[in-house]
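Hi everyone, thanks for making time for this.

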Amino acid sequence: MKRPASSVIKLGLLQTDVSASPDANLKKTVALIERAAKSGAQIICTQELFRSQYFCQSEDHANFKLAEKIPGPAPTSSASSRRNTNRHHRLAFRKRASGVYHNTAAVIDADGSLLGIYRKMHIPDDPLFYEKFYFTPGDLGFKTWQTRYGKIGVLICWDQWYPEAARLTAMQGAEILFYPTAIGWHPSEKKEYGERQHGAWETIQRSHAVANGCFVASVNRVGHEVIAGVGGDGLEFWGQSFVAGTSGEILAKASNNKEEILIVPVDLAKVDVTRTHWPFLRDRRIDAYGNLSKRLVD
């Protein structure tokens with residue numbers, strides 16, 4: 001695939017709040033993709049599970065009806081609106097077979113073709129984040145794709161806490177790691193733990209950029225979601241989508257309380273420059289890492 005003449009490309013990160021209507025959420029996201037494209041974005045990323053509110057706040061069998069097939073309405077709509085312009089990837093709750101569902105990223109190239117999918121590997125099970133009830137862990141491993149505008153890797157939300165996932169994706173040649181996510185505060189905990197929790201989330205992802213000498217783009221939703229029938233205080237999603245440079249520096253960051261399209265130019269030539277000046281990948285001691293595949297010490 002022929003690459004653009006310039007090593008500088010523009011990323012588009014779509015940070016939105018989400019309503020209870022999947023159709024309305026889809027319509028809004030497609031419109032935002034159009035706007036991002038008109039603003040020059042060449043690789044566009046949606047947030048995790050953008051078609052619905054974050055339904056994993058409860059364990060409810062009725063929510064399995066939200067699952068869709070791939071290709072389905074969201075990839076098709078988005079791809080057709082963007083054909084021969086740019087490419088993007090988006091997140092879906094996918095039904096693979098009866099009783100088997102995945103949190104899945106679909107990667108769509110500039111011509112509207114489906115390059116492939118990634119199934120979320122790490123699945124959380126915390127208060128109001130009951131994803132293990134819905135999602136089967138991914139079984140495709142960590143993957144990269146050569147798009148028209150660069151080689152990318154996609155990881156999803158809970159994957160962001162694992163340096164192994166970032167390293168294995170970067171080792172396949174990813175110049176940009178995308179992290180679509182849905183993370184927020186428990187309102188009752190925000191005052192005491194909020195700043196620390198957000199700081200940990202941002203720091204771990206910036207560290208992936210440092211360790212691997214690549215760009216990191218993290219996309220989060222905003223808004224306070226209290227789901228009908230679930231009650232309680234809900235979740236307050238903290239937004240603050242960002243792009244980190246190859247040394248972990250913040251290149252751009254969205255707000256914590258409003259919808260935004262973040263358009264961020266990145267120079268892919270800096271991947272090689274960073275890796276040759278700070279050769280962390282060169283100096284790995286793969287001969288000493290065998291125990292990573294072993295269980296924790298009892």
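I'll begin with the whole protein, then go inside, and finish with charged pairs and the surface.

One thing to keep in mind is that this is a predicted model. The protein has 298 residues, and 51% of them count as buried. In terms of secondary structure, there are five helices and 15 strands. Its accessible surface comes to about 13,600 Å², and carbon and sulfur atoms account for 52% of that.

How far apart in sequence are the residues that touch? Take the contacts between residues at least 6 apart in sequence: 70% of these join residues at least 24 apart.

Now let's go inside. The largest nonpolar core has 44 residues, and the ones that touch the most other members are I9, L11, I43, I176, F178 and V266. Let's zoom in on I9.

Staying inside, please find T169, which sits in helix α3, residues 163-170. Is T169 buried or exposed? T169 counts as buried, because its relative accessibility is 0%. The T169 side chain reaches the backbone oxygen of A165 at 2.8 Å. Setting aside neighbours within four places in sequence, T169 also contacts several other residues, among them F142, G153, L155 and L177.

Next come the charged pairs. Searching the whole structure gives 13 salt bridges. One of them joins the side chains of R51 and E68, at 3.3 Å from N to O. Both partners lie in the loop between β2 and α2, 17 residues apart. R51 and E68 are both buried, too.

While we're at R51, let me point out S21. The C-alpha atoms of S21 and R51 are 7.8 Å apart, although 30 residues separate them along the chain. S21 belongs to the loop between β1 and α1, and a polar atom of the S21 side chain lies 3.1 Å from the backbone nitrogen of A24. With a relative accessible area of 31%, S21 is partly exposed.

Here is another salt bridge: E202 with K253, at 2.8 Å from N to O. E202 is in helix α4 and K253 is in strand β14, so this pair ties together parts that are 51 residues apart in sequence. Which of the two is buried, and which is partly exposed? E202 is the buried one, with a relative accessible area of 10%, while K253 is partly exposed at 37%.

For a contrasting case, look at D283 and R282, whose closest N and O atoms are 2.7 Å apart in a salt bridge. D283 is partly exposed, with a relative accessible area of 45%, and R282 counts as exposed at 63%. Salt bridges can also link up into a network, as D17, K28 and E259 do here.

Last stop, the surface. Which residues make the nonpolar surface patch of about 340 Å²? They are I286, Y289 and L292. L292 is in the segment after α5, and this residue counts as exposed because its relative accessibility is 60%.

That's my tour, and I'm happy to take questions.

Technical notes
Residues are numbered from 1 along each chain as its sequence is written. This is a predicted model: local features need pLDDT of at least 70, side-chain atom pairs count only at pLDDT 80 or more; totals for chains, interfaces and linings use all residues. Side-chain values use heavy atoms; hydrogens and water are left out. Patches are made of residues with over 30% relative accessible area and no salt bridge: like charges are joined within 9 Å, nonpolar side chains (Val, Leu, Ile, Met, Phe, Trp, Tyr) within 5 Å. Accessible areas come from the Shrake-Rupley method with a 1.4 Å probe; for residues, only the protein chains shown count as cover. A salt bridge is a side-chain nitrogen of Lys or Arg within 4 Å of a carboxyl oxygen of Asp or Glu. Helices (H or I, at least four residues) and strands (E, at least two) are DSSP runs, numbered from the N terminus. Buried means under 20% relative accessible area, exposed over 50%, partly exposed in between (1.4 Å probe, protein chains only). A polar contact is a pair of N or O atoms within 3.5 Å; within protein, one must be able to donate a hydrogen and the other to accept it, and residues adjacent in sequence count only if both atoms are side-chain atoms. A nonpolar core is a set of buried Ala, Val, Leu, Ile, Met, Phe, Trp, Tyr and Cys residues joined through side-chain atoms within 4.5 Å. Contact means heavy atoms within 4.5 Å.
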